[in-house]
Amino acid sequence: MSYPELVEQLMFSRLPIFSCLLVAYFFSSSATAQRELNVKKKFEPAFHIEPLVNRIKAKQGDVVQFQFEVMSVDKDSDIEVLLVGLRQEQTGQVYHDEALVDSDEIRLISAGRAAVARDVPYLIEGIIRVPSGEAKFHSYGILVRDFGTSRSRQPTFDPSGKELTTAGINFITQYLLRVDLEIQNARGDNVKELVLESGSVVAAMGKPQIVTVIRNPTASTFEFQIQAQLKRSPTDRSFQSASLVMPIRMTTESDERFVGRLLPYSSVFMQQLMSEPVLTGDYQLEVKLQSEGRVIQQKSFAVAVDSADFPAQETQLKQVGSGLYISPTAIEISQARGGTRRISVELMNQSDKPRVIDLSAISSRGTPFDVVQISPDKLTLAPGRSRKISLSLKRNSDRDQAIEYGQLLVSSQDPNQSYDEKSELPLAVTFAEPDPPVVDMEALRWVGTGKYPSFRAKVTNTGGSHLVLEARLLVIPERGERLELPAGYGQWLMPGESLDLDFRLARPLTPGNYRLICELQNNGVPIIRSETIEVTDFDAASTTASR
């Protein structure tokens with residue numbers, strides 16, 4: 001008799017120092033019998049440890065003691081405690097390496113293997129001899145894992161002697177603990193040896209994101225902060241300075257998220273989404289590496305930006321004249337329950353000449369939209385300046401229709417022009433609760449050509465009001481990490497219109513089978529399509545099963 005065995009390593013981004021080895025197995029009386037095993041990845045660890053990171057301040061030459069408290073859950077645990085080295089990936093994620101431990105500086109004084117009784121605290125204890133040198137920070141790793149519970153794999157039988165199919169799961173809990181030392185009398189001058197390797201602006205979820213790479217060529221650990229600012233020229237201040245974050249800390253809510261910690265001989269990304277739209281052009285990315293409030297290094301990187309790389313910007317920013325931009329790109333004002341009667345738009349003059357601007361609201365019949373008030377509706381905007389414009393719904397605005405559509409017309413010229421430049425933005429005025437959009441989404445198809453290879457789905461709105469498009473595609477491989485690809489980004493799909501949603505890939509898919517789950521929000525109710533594809537190469541993906 002044979003049995004299959006499934007081994008899967010589960011890692012959790014929210015708990016990077018906790019993992020669980022899951023072993024699932026089943027027995028069947030028939031080696032060829034088809035059996036389905038469903039495993040839900042919901043479990044409790046065999047024990048908890050506090051703290052997960054022990055932060056200690058000390059002076060060179062001190063001998064300091066550290067403790068971690070282990071509390072077993074529901075049953076007794078049999079744990080192993082090991083001193084381990086640490087290695088770091090570019091995301092900032094820290095893993096253990098049993099070959100890198102430095103036993104000259106750190107030593108356990110508690111047992112290397114211990115029985116932990118249920119609900120009885122057990123202390124892991126050790127000492128560290130604080131090393132000398134310039135380094136202001138040191139990190140040490142401790143691996144704690146239990147031995148699990150052995151299960152019998154002997155076959156079982158029913159009263160008639162027929163062999164039964166049985167299943168079982170073994171969970172092996174494992175924690176990677178860390179002791180972080182801050183040396184109070186160390187100068188920390190060697191932080192200047194960190195290398196600012198690169199700086200760029202890349203696409204992330206359809207938006208521009210600043211990314212830098214910092215490399216540590218030394219045997220020391222460092223803490224630092226990174227500030228970055230995109231500039232058109234050395235004196236440009238139109239973009240805000242951004243505090244960058246290691247990817248592993250993107251969900252951290254405290255100010256600690258802005259502190260980078262870099263282990264010896266490692267490199268990390270520091271990144272942050274930009275708060276402003278970025279136009280096509282050449283820029284300088286000014287990056288400052290700071291430690292304890294001081295700028296240690298400053299470096300500029302040349303950055304070429306193609307705004308087409310950031311499709312989410314299309315709902316944030318639109319060019320309405322030479323060097324003249326407006327945000328947002330679609331406007332809705334409403335007197336219905338929960339609606340907004342007044343909204344602000346921003347005009348930005350990025351040209352080197354003043355712009356004379358006229359704004360007006362036009363109905364779908366081409367006549368003035370008399371229920372919409374614009375303030376101001378005429379202005380002159382100096383080069384490099386911006387101005388907020390208010391659109392509001394006049395009081396006692398009644399209509400037979402629940403919703404009416406029109407355009408915000410923007411006309412502009414510079415004082416030396418003899419002609420106007422004109423552009424329109426969609427405008428919706430809601431008087432009562434309208435008929436909802438009715439949306440149909442076709443099957444996904446692969447578009448492997450062009451600059452942006454993508455999965456594409458055509459959507460059509462046959463309802464009575466516009467739909468604000470927000471969609472995502474989960475790409476789930478047979479092995480490896482899943483991808484989440486966004487599309488829509490808040491773009492309007494008007495009644496009677498169709499458009500293609502493009503779920504762009506940042507990198508090629510390796511050959512294999514993939515499960516695709518596409519979700520489109522329709523007034524809070526998701527429309528879901530599911531398909532299976534086979535990828536033979538990056539330019540060809542064929543659908544093998546659908547819905």
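Predicted model: local features only at pLDDT ≥ 70, side-chain atom pairs only at ≥ 80, totals over all residues.

Me: Which side chains of strand E26 point to the face where they are buried?

Reply: Strand E26 covers residues 372-375, and its side chains alternate between two faces.

Me: In E28, which residue is the bridge partner of Ile374?

Reply: E26 runs antiparallel to strand E28 (residues 386-393), and four bridges join them. Within E28, the partner of Ile374 is Leu391.

Me: Are the rings of Phe47 and Tyr175 stacked, tilted or edge-to-face?

Reply: This structure has four aromatic pairs. For Phe47 and Tyr175 the ring centres are 5.5 Å apart and the planes sit at 40°. Stacked needs under 30 degrees and edge-to-face over 60, so with planes at 40° this pair is tilted.

Me: How many residues apart are Phe47 and Tyr175?

Reply: Both residues are buried. Phe47 belongs to strand E3 (residues 47-50) and Tyr175 to strand E12 (residues 166-183). The pair thus links distant parts of the chain, and the separation is 128 residues.

Me: And what kind of pair do Phe66 and Phe68 make?

Reply: Phe66 is buried at 1% relative accessible area, and Phe68 is buried at 0%. Their ring centres lie 6.0 Å apart with planes at 65°, so the pair is edge-to-face.

Terms used
Residues numbered from 1 in each chain as written. Heavy atoms only, no water. Buried < 20%, exposed > 50% of the residue type's maximum accessible area, 1.4 Å probe, protein only. Pairing = 2+ DSSP bridges. Phe/Tyr/Trp six-rings, centres within 6.5 Å; stacked < 30°, edge-to-face > 60°.
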